[in-house]
Number of protein chains: 2
Amino acid sequence: MSAPRTARARARAEITQEIVETGRRQLASDGAAALSLRAIARELGMVSSAVYRYFPSRDDLLTTLIVEAYDALGDAAEAADDDPEASAPTRLRRIARAVRDWARAHPHQYALVYGSPVPGYRAPFDTVRAAVRVQARLAEVLALHPPEHEPAPVSEPLASQLATVADRLPRPVPPALLARGMTAWNLLIGSVSLELFGHYANSVDDLDGLFECALDGMIELVGWSPA
Amino acid sequence: MSAPRTARARARAEITQEIVETGRRQLASDGAAALSLRAIARELGMVSSAVYRYFPSRDDLLTTLIVEAYDALGDAAEAADDDPEASAPTRLRRIARAVRDWARAHPHQYALVYGSPVPGYRAPFDTVRAAVRVQARLAEVLALHPPEHEPAPVSEPLASQLATVADRLPRPVPPALLARGMTAWNLLIGSVSLELFGHYANSVDDLDGLFECALDGMIELVGWSPA
DNA sequence: GGCGGTCAAGAGCGGTGCTCTCGATTTAGA
DNA sequence: TCTAAATCGAGAGCACCGCTCTTGACCGCC
């Protein structure tokens, strides 16, 4: 991350950035399927083959856009959870609403990370850190405010695997509670995906109200009393 | 749906069927993005432009494949729910497991209907009937076995919209309960999507156990006692 | 038996990802 | 400082895609 020394290195960093920005713009407006290296090159006034000097393939460009999307979602969630003194249900509500709001504001980016996987795409390990930021924040709330009644224990081998996952967290979360947190996470992603992907068209208009119901469900799942 | 009279009509129906079958095979093996009219034509030994006599565009072929996928999922769910005398949690478990099993067996078809929406695609109204078969079955179980404690009421305008949805169901379901059923549905789709789209790679291996946790959550959400 | 509708075939258009080569330019080392 | 190596943009080209148009052969109904 040191400043580029030579002029060529600086130019390279700048052009790389321009390519990513143009790609992000095209992704946001037309979706991942319409993201075209040739179109990016056209918009940037260079020839299509020149782009391959910066990204060896279209999928590599997609990878950086995926990491960007994960990070933007993580930023939004962490920014919404700005009061560590708030009650646990309130913090969960803020984080979950931030996820939904970000997804509605950036539908194509959300679809890129939580929708159908890109065909030949294999997530490099770098993406993992960015991918789990929201879940890590939720786990922190879980660790700081465990519910009064411990949820029913989970059976092996899931319990030991969840213990391994919990070890990577900054604060310990018992496996049974972590399982409930993951279930709440499943509910959150399911709610946002179904809404965003148009599965409530022609049936429910009050999407805000429906999401608040899902929020109540999430809080109930982890065992907090509604607040 | 009457039998085709002339030889030409019969040939047309047959070729249409062959195109759909080839498309389904390509979809199952390589995903929606790799579905190519030209490849289908190649495999069928005809020229690409000939396919356009049967499907005016690639998206039209995709539409029939989407309806097929919805119907196959509906068939699987209804076949699994074969004992009307079973307890409500058991019936929900069977239906939900059938959805997950079908999705794992046909990942690309599942992604086609519950993943990122196809870019320019607008679902025609015919798909709605096929799209809601699983939810309708779940709603039937809800109607036959309402939980002991009615869930917390939902606020307007969601309640009246859910009442409208309930009117289209064969058996009445109170809005508050229907909201809980939808939340459980969100959880189901979220669980299956996250698992199928690879979001548990490198973290949880016991996907069966994790899904059973989600099942417990669904039952808890609608208010049944676990069984 | 004609005649209108339907069909497969082919050529072609504009688009895509990606590869290769070829000069020009910049960097880094002797 | 001079030179060899690395990097760059440009262009041509390959194979593929969805889709359109035209042509000529075939079928089936009046």
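Reader: What makes B:V99 a residue that touches others?

Author: In this predicted model, B:V99 touches B:L73, B:A77, B:V134, B:L188 and B:V192, with residues up to four places away in sequence left out of the list.

Reader: Why is the set with the most contacts at B:V99 and other residues called a nonpolar core?

Author: The name applies because the members are buried residues of nonpolar kinds joined through C-beta atoms within 7 Å. The largest such core has 113 residues, and among those with the most contacts inside it are A:V99, A:L188, A:M218 and B:V99. As a general background, nonpolar side chains in soluble globular proteins tend to be buried together.

Reader: How do you know which residues of chain A count as buried?

Author: A residue is buried if 20 or more other C-beta atoms lie within 10 Å of its own, and by that test 39% of the 227 residues of chain A are buried.

Reader: Why is the relation between chain A and chain B called a two-fold axis?

Author: Chain A can be laid on chain B with an RMSD of 0.1 Å by a turn of 180° and a shift of 0.0 Å along the axis, and that is why the relation is the one of a two-fold axis. The same surface serves both copies, since 100% of the contact residues of chain A recur in chain B.

Reader: Which residues form the contact between the chains?

Author: In the contact, 39 residues of chain A meet 39 residues of chain B, and on the side of chain A the most is given by α10(A), with 10 residues. That side divides into 21 nonpolar, 15 polar and three charged residues.

Reader: How do you know what surrounds DNA strand C?

Author: A residue is near the strand if its C-beta atom lies within 6 Å of it, and 21 residues surround DNA strand C, with A:A7, A:S36, A:S49, A:R58 and B:S49 the closest. The residues of this surface divide into eight nonpolar, six polar and seven charged.

Methods: Residues numbered from 1 in each chain as written. Chains lettered and ligands numbered in written order. Predicted model: local features only at pLDDT ≥ 70, side-chain atom pairs only at ≥ 80, totals over all residues. Nonpolar A, V, L, I, M, F, W, Y, C, P; charged D, E, K, R; others polar. Buried ≥ 20, exposed ≤ 12 C-beta atoms within 10 Å, placed from the backbone. Contact = placed C-beta atoms within 7 Å. Helix = DSSP H or I, 4+ residues; strand = E, 2+ residues; numbered from the N terminus. Least-squares fit on C-alpha atoms with pLDDT ≥ 70 in both.
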